[in-house]
Amino acid sequence: MSDVLSQLSPRSVWGHFAALAAIPRPSGHEERAVAFVTAVGESIGVKPARDARGNVVLRVPATKGREGAKPLILQTHLDMVCEKNRDVAHDFDRDPIRLRVDGGWVAATGTTLGADNGIGVAAALAVATDPEVKHGPLELLFTLDEETGLTGAKELDPKLLSGRMLLNLDSEEDGVIFVGCAGGEDTLIDVKPAFRSAAFRGSAMRLEVSGLRGGHSGLNIVENRGNALKLVARVLSTLVEEGVSFDLASITGGSKHNAIPREAEAIVVPDPRATPAMESIAAKALAAFQVELHKIDDGLRVSWSPCPDPARVLAIADRDRLIQLLLALPHGVLAMSPDIPGLVETSSNLAVVKEEDGRIRVVTSSRSSVAPSLAYVLAQVRAVAALAGAAVTLKDGYPGWKPNLESKALAVVRQVYKERWNKEPHVTAIHAGLECGLLGEKIPGLDMVSFGPQIEGAHSPDERVNVESVAKFWGALTAVLDRLSA
């Protein structure tokens, strides 16, 4: 075990987590994580099974006396979101996560931690390898590529599994049991601008928006955190409205469809005489943003800095339609659930802007627990893109998971939580994509419930997991396994 985590309890969970954190596992490149869980299985005499997509199942025999219990599926995903602060040198394809313990929390140094869903993976492996845990026959399902579109679950071969009850270990709130989730779909918007030489030379400037918290576009969207791409577009729009003469070379920001952009920048080439006006506009914009984001994103920074002249810039008409596209695309909470207090029903995230192959690609990610509402948001996005003359592709759609409050799995988990902590747990749905919706489609009638420890800042370098909550999660998980197999 990593020396940093060696004193933490439960040792079996933290030991597997430390080992996993040393293994690079970005979405789409989980080969080393697959080898790790396979090796753990083989160490206890369990031969792994895999489907054509590469999803892994370890069929763990029951502990003595529990052989007659029905098979139970424990489900987690092997990949992690790879985000880092701009000033941090880290190669997610090569470097281990640098772990630290800080005031009762485990975090990383300048990068995402991978507790989402590394803690779930570690707990599943600990169940398999800890001789003190009592359980019936288990099927440990480790899916691939959850974070970029749930494609592992989408392409799962259901013949891998015989169980008809599933515990999903990919939740992030202590004391909360999840019984439903939102469906979602990404939109890829491609703008093909005309380029030309800049009207001015030697005056290029970089506009940067940074210092935002970012975060999970499902879990954190309700907090109205700042979107760096939206703020850059607002500053540029003001330049246009104020008559500042400038060329735009690029706008870039965001890196993941399911993360709120923390940083963004634009390269502009202004009339050198416009510098004072640009500084004034940026200062006024920062003051306005600080009012809007007070106590939400107090670390916000907006700045100009000189940069080398770009090789080319956008034609003025294309400059304007790109800025207007970013302003008009929906972002944030669009509707709250009328049935579950505090639950976001519908949202959209302006996630990524980047240039590739002579086109500008804009990525949005929309979610809703109501299928017609999701269809409407996607129609809005397509309409805005059409007005901007852009091409649209829908990608990586996934269904929601409809709550079943009569679930046997829910009843058992709920009773365990109530007995262990002497209070009724909070049962709710989540405004994020869990693989349960897809798994329920693959295996009709599958009885599912999701729970986990307290993880904060998922999908951002602020990600951290609470140590005490991991112990509580482990206690609940082992008690549930005991009760379901008795």
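This is a predicted model: local features need pLDDT of at least 70, side-chain atom pairs count only at pLDDT 80 or more; totals for chains, interfaces and linings use all residues.

Me: Which residues touch the most other members of the largest nonpolar core?

Reply: In soluble globular proteins, nonpolar side chains tend to be buried together. Here the largest nonpolar core has 70 residues, and Trp14, Phe17, Phe142, Leu167 and Leu477 touch the most other members. Helix H3, residues 115-129, gives the most to this core, with 10 residues.

Me: What does Leu167 touch, leaving aside residues up to four places away in sequence?

Reply: Its contacts include Leu72, Ile73 and Leu74, as well as Val449, Phe451 and Leu477. A second, separate core of 47 residues includes Val191, Ala228, Leu248 and Leu326.

Me: How many residues line the largest pocket, and which lie nearest its centre?

Reply: The lining has 29 residues, with Glu173, Leu219, Asn220, Val222 and Glu223 nearest the centre. The volume of this pocket is about 540 Å³. Strand S20 gives the most to the lining, with 4 residues. By class, the lining residues are 11 nonpolar, 10 polar and 8 charged.

Me: How many cavities of 30 Å³ or more are found in the whole structure?

Reply: The search finds 3. The largest cavity holds about 170 Å³ of space, and its 18 lining residues include Glu146, Glu147, His216, Gly433 and His459, which lie nearest its centre. That lining divides into 6 nonpolar, 6 polar and 6 charged residues. The second largest cavity holds about 50 Å³, and its lining has 7 nonpolar, 1 polar and 2 charged residues, among them Met80, His90 and Phe92.

How values were computed
Residues are numbered from 1 along each chain as its sequence is written. Side-chain values use heavy atoms; hydrogens and water are left out. A nonpolar core is a set of buried Ala, Val, Leu, Ile, Met, Phe, Trp, Tyr and Cys residues joined through side-chain atoms within 4.5 Å. Buried means under 20% relative accessible area, exposed over 50%, partly exposed in between (1.4 Å probe, protein chains only). Helices (H or I, at least four residues) and strands (E, at least two) are DSSP runs, numbered from the N terminus. Contact means heavy atoms within 4.5 Å. On a 1 Å grid over the protein atoms alone, a cavity is a set of points where a 1.4 Å probe fits but cannot get out, and a pocket is an open set with protein on both sides within 12 Å along at least five of seven lines; lining residues have an atom within 4 Å of a point. Grid points are joined across faces, edges and corners, and a volume is the space filled by probe spheres set on the points. Ala, Val, Leu, Ile, Met, Phe, Trp, Tyr, Cys and Pro count as nonpolar, Asp, Glu, Lys and Arg as charged, and the others, Gly among them, as polar.
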